[in-house]
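My plan was to begin with the whole chain and then turn to a single residue.

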Amino acid sequence: MELGPWGDASVLGILGLLIGSFLNVVIHRLPKMMERQWAAECADFAAMAHKDAASTQAEVTPVEPFNLWTPASRCPACGHAVQWYENIPVLSYLWLRGRCSACKVRISPRYPLVELATGGLFFFCGWHWGTTLTAVAWCGFAAALIALAFIDWDTTLLPDDITLPLLWAGLVASALQWTTVPLFSAVMGAVGGYLSLWTVYWAFKLATGKEGMGHGDFKLFAALGAWFGWPALVPIILIASVIGAFIGIGMKFASQLREGGYVPFGPFLVGSGLAAMVFGPETILQGLLRSLGL
């Protein structure tokens, strides 16, 4: 049955709301999972260094499973188990009036905002590309970027578990012609995206002795290059840099910068990448240059 452009968009939009609910779990739990993995690896290394692995392992207290599926969602304040009807995207937040049903502690409005943002982007993909593999590919792209933006903002981490699959997915989508980017351009975009920020990183470090960005930014920019091709690298990095500079200056004047005076760059790359998906890299670059009077 043909649903038409609005029907296709609505189906994907509803799916996006559900995916957005899951992204909230990813944003909260994936960094904690990484920290647990690092702690376990450090403990193993310490045990091996002391040549007492057997006795150390015997003293380790069993740890409850913690991943994207286990344990079930609970209120961080009171431990109330979230029921299925309290976990319906957006609607449950409105019904609960933004508070836990048990202890009445306020629930962050970021949860429904992530769901709405994901649903809106999925809706756009369905409206623009219909129910096609191209639309599915760009939906996955949007979901990955949303998760990366919030994780980086919270923790300054851009997990390889997301950036590397996003990079390879861009190359595969190009090879299978799910995007309009030729494979050669996608490969050069990935190479150019990584090497450009890698070069900036080392130039800044050699000049100042400080690290200006993390390696995750290289991988994220490489992934954007794979999805949009090498000609889009300049518009994407320019837009991200300008927006990041404005927001960073605003936060500085508002005394909201974190300790060390830094602002994660990943969210601005994400914003630029999503804008490129919706409007096209060339269009947003032209708009930016016009707004700057250039």
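The entries below record what I looked up in this predicted model.

**Entry 1: the fold.** I began with the secondary structure. I counted 11 helices and zero strands in the protein chain.

**Entry 2: extent and surface.** I then noted that the C-alpha trace spans about 65 × 55 × 45 Å along its principal axes. For the accessible surface I recorded about 16900 Å², with 67% belonging to carbon and sulfur atoms. The chain has 294 residues, and 39% of them count as buried.

**Entry 3: contacts and charges.** I looked up contacts between residues with a separation of 6 or more, and found that 72% of these join residues 24 or more positions apart. Among the side chains I listed 16 positive and 18 negative, and the centres of these two sets lie 10 Å apart.

**Entry 4: Pro71.** Where does Pro71 lie? I located Pro71 in the loop between α2 (53-59) and α3 (91-95).

**Entry 5: around Pro71.** I set aside the neighbours within four places in sequence and found Pro71 in contact with Arg29, Pro65 and Phe66. I also looked up Asn24, which is 47 residues from Pro71 along the chain, and the C-alpha atoms of the two are separated by 15 Å.

Notes. Residues numbered from 1 in each chain as written. Predicted model: local features only at pLDDT ≥ 70, side-chain atom pairs only at ≥ 80, totals over all residues. Heavy atoms only, no water. Helix = DSSP H or I, 4+ residues; strand = E, 2+ residues; numbered from the N terminus. Buried < 20%, exposed > 50% of the residue type's maximum accessible area, 1.4 Å probe, protein only. Contact = heavy atoms within 4.5 Å. Areas by Shrake-Rupley, 256 points an atom, 1.4 Å probe, with all protein chains shown as cover. Lys, Arg positive; Asp, Glu negative; His and termini not counted. Charge placed at Lys NZ, Arg CZ, Asp CG, Glu CD.
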